[in-house]
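Visitor: I have a new model on screen. Please show me how to read it.

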Amino acid sequence: MKTSVAPTNDYCPQTLFLYGTYDDEGRADFGLFCWLSYVWDSELGVMACIGGEKLTKENIHKRKVFSANLVTEALLPLADYLGNTPGGSPEKAKLSIETEEGRVLPVPVLKASPVTYELEVKQFIPLDDGEVMLCRIRNVLQDERLALGAESSLEKLSAIAPVKTTCRRYFSWNGADLGAWGEPMANV
Ligand SMILES: Cc1cc2nc3c(=O)[nH]c(=O)nc-3n(C[C@H](O)[C@H](O)[C@H](O)COP(=O)(O)O)c2cc1C
């Protein structure tokens, strides 16, 4: 039997990505995002929603491009920190994060992430207090082990261990509880 509850996405796990952008000084900024999904329009595309004002949004508005880097268990403390620390703050600016340049677009790519999308915004859809962006996937960067390895998909997924989130907590690929939002950042 089901019961009605207020609007929520609890119990609907989502994949996490770190969006990488450049600011006006050419510094890389990363923020943590889960409102990313896919669209079809002659080819596979990405839709992403950003709520409120933040540096990531400002940077994407100016440059129309960003990277989306899959968050894994190894990346979780850093990802949690980046999701709980506003861009432009001294704490975030002092972080040293290993990046490389996108292969197709001028976007910062997180070296430690095994899957990265290079995204170009085709359409901005402003809402009352948020914005949806429809993006063209200009490139997908995958670790060679994923793209070329002979292991099964299950073995590859177990090896990279993507993190899921729901109920304001993080969960491992195999379902273990990895802590509440704001907890893993203690280990950054
Ligand atoms: C688990 C988690 C998921 C998040 N997902 C989103 C999201 O999908 N959309 C959004 O606008 N903000 C999201 N945030 C908040 C941003 O990560 C946060 O505003 C961050 O400061 C953005 O980086 P920036 O300030 O450098 O732009 C999320 C935060 C956490 C902890």
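**Ligand and cores**

Guide: Start at the ligand, where one of its oxygen atoms sits 2.6 Å from an N or O atom in the side chain of Thr 56. A polar contact is a pair of N or O atoms within 3.5 Å. This is a predicted model: local features need pLDDT of at least 70, side-chain atom pairs count only at pLDDT 80 or more, and totals for chains, interfaces and linings use all residues. Residues are numbered from 1 along each chain as its sequence is written, and side-chain values use heavy atoms, leaving out hydrogens and water.

Visitor: How many residues surround the ligand?

Guide: The count is 23, taking residues with a heavy atom within 4 Å. Asp 29, Leu 32, Gly 51, Thr 56 and Gly 87 are the closest.

Visitor: What is a nonpolar core?

Guide: It is a set of buried Ala, Val, Leu, Ile, Met, Phe, Trp, Tyr and Cys residues joined through side-chain atoms within 4.5 Å. Buried means under 20% relative accessible area (1.4 Å probe, protein chains only). Here the largest core has 20 residues. Phe 17, Phe 66 and Leu 119 are among those with the most contacts inside it.

Visitor: Which residues does Leu 119 touch?

Guide: Contact means heavy atoms within 4.5 Å. Leaving aside neighbours within four places in sequence, the partners of Leu 119 include Val 46, Phe 66, Leu 105 and Ile 137. Apart from this core lies another, of 14 residues, including Leu 16 and Cys 34.

Conventions. Buried means under 20% relative accessible area, exposed over 50%, partly exposed in between (1.4 Å probe, protein chains only). A polar contact is a pair of N or O atoms within 3.5 Å; within protein, one must be able to donate a hydrogen and the other to accept it, and residues adjacent in sequence count only if both atoms are side-chain atoms.
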